[in-house]
Amino acid sequence: RAARLCRRAGQHPPVTGARQALPPQARRARQTLALSFALSLGAVLALYLAGGWRPYVNAPAGFHYGVNSPFEALTLLLPPGWWVLAQQALLILRAALAGCAMGYYLIRHFRSSCRMFAPLCAGYAAAVYTGCIINLVWVDAALLLPLLLSAADRVLRGGGWHPLAALCFLCVASNCYTAWPLCLFCLLYGLWQQLARPGRLDGRAFGRAVWDLARAMLPGMLLAVILVLPVVVLQYHSDAFQFVADPEAFGFEPMELAYCLFFGRYSAACAANGMPYLYIGSAALLLALCYFLGGDSTRAKFAAAALAAGVAASYLLELPGVSWQNGDDLAVFPFRYGFLLSAMLVIFAADTLVHAPPPTPALGAALFLAAIYLLGYQGTVGSAARTWRLAAAAALYLGCCVLLRLRAKPGWQRRAAVLLALLLLADVVASSCITLYGGFLWL
């Protein structure tokens, strides 16, 4: 009717439907999401290429590639000879989608469409691929985590609880084995976000917000548990899986993990000792550390540090695992979810990019911490110590600091952002290749 009236008056009719132009902010958000998916897919494919285009090239012998999620049930429609290759393709696709989901969360959480989120999302996708190539049972949880955090933000901001309830239901129903750490992490995330809010802490509002978050999660979780419980009990009595009575022994040291992030590599032996796969790239990790040098409140930094330390310490606990009996193969999976800490580091790094860069004196003061860190390198790594690795770590840190400062200068914003994005992407691929293969196999 409006169009007819406009034509009668000799005016152009209003643009509606698909022809209506998107607001600049929405258009930029879509472009950031598309760029996040493209870079995530490119990073994962680069890792697959580095392995010689062979599925699961580094998986330990005897690992059984069974159906670990409803997505992989689709592979049963294919001939048996195609199952492993199809599962590899699904892993690549879901890792890239996990990076895109992380971009969706970052855009909504920071209310910004910063395109620098895209290389961080590629780092998260590479972390998901690097960890889940050993254990496919984690990949759906890594994909759902950013969506759960975004739904938790919605509840904390006074929005509806239905998306969070639906995602909790999907999380538990699709793979109950990996659901409980995600649900627990969402509650801890709510505590962190409430403590990090600026202004005076209101105890009553704090308790109400956390209660609203827990109340939003419970309906979906309980409904899924009711549906899944008969299947779990049936499988348990059929000896399909058993809880391991003796906990797995985790023999790695915390500093060993820290040096592995910068200089070493993960291996099947590291995984057997409980070391989590945390890689998002050394440069992204340095940006995450710069968060604690920035202008956020001290209370917010303490809350973030406490949650990060708690998640990191959880990898040192000796928890019982589950033994799955699949034909002739027996695989024991300890409860270790490295992508939780990887997601936290991505959030810290994104905060560094969204806000003003840390002041130069703060970046310089961090060099004292770096010096203390480097002093223990030789004694911890031993014969694997190399001078060029120390130089590479120093160059990464200094390069990130310089580019962060240049992004704040007029006329340098775009060039510094492009250089920083290239640095992040190159470091993600290189460090992930070292993590997976011990070096660069294509050289």
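Predicted model: local features only at pLDDT ≥ 70, side-chain atom pairs only at ≥ 80, totals over all residues.
Two packed helices are described by the angle between their axes and the distance between the axes. Helix H4 spans residues 117–132, and helix H5 spans residues 139–156. Their axes come within 9 Å and cross at roughly 160 degrees. Angles over 145 degrees count as roughly antiparallel, so H4 is roughly antiparallel to H5. The crossing of the two helices is right-handed. On the H4 side, the contact is made by Tyr124, Val128 and Cys132. H5 contributes Val139, Ala142, Leu145 and Pro146. Seven residues of this contact are nonpolar, with no polar and no charged residues.

Side chains of opposite charge can pair when their charged atoms come close. The structure holds two salt bridges. One joins aspartate 140 to arginine 94, with the closest N and O atoms 2.8 Å apart. This pair links distant parts of the chain. Aspartate 140 lies in helix H5, whereas arginine 94 lies in helix H3 (residues 83–110), and the two are 46 residues apart. Both aspartate 140 and arginine 94 are buried.

The other salt bridge pairs the side chains of aspartate 212 and arginine 215, at 2.8 Å from N to O. Both residues belong to helix H8 (residues 203–237). They are three residues apart in that helix, so about one helical turn separates them. Aspartate 212 has a relative accessibility of 26% and therefore counts as partly exposed. Arginine 215 is also partly exposed, with a relative accessible area of 47%.

Technical notes:
Residues numbered from 1 in each chain as written. Heavy atoms only, no water. Axes fitted to C-alpha atoms, helices over the stretch in contact; angles between N-to-C directions. Helix = DSSP H or I, 4+ residues; strand = E, 2+ residues; numbered from the N terminus. Parallel < 35°, antiparallel > 145°, perpendicular 65-115°, else oblique. Left-handed = near helix turned anticlockwise from the far one by under 90°. Contact = heavy atoms within 4.5 Å. Nonpolar A, V, L, I, M, F, W, Y, C, P; charged D, E, K, R; others polar. Salt bridge = Lys/Arg side-chain N within 4 Å of Asp/Glu carboxyl O. Buried < 20%, exposed > 50% of the residue type's maximum accessible area, 1.4 Å probe, protein only.
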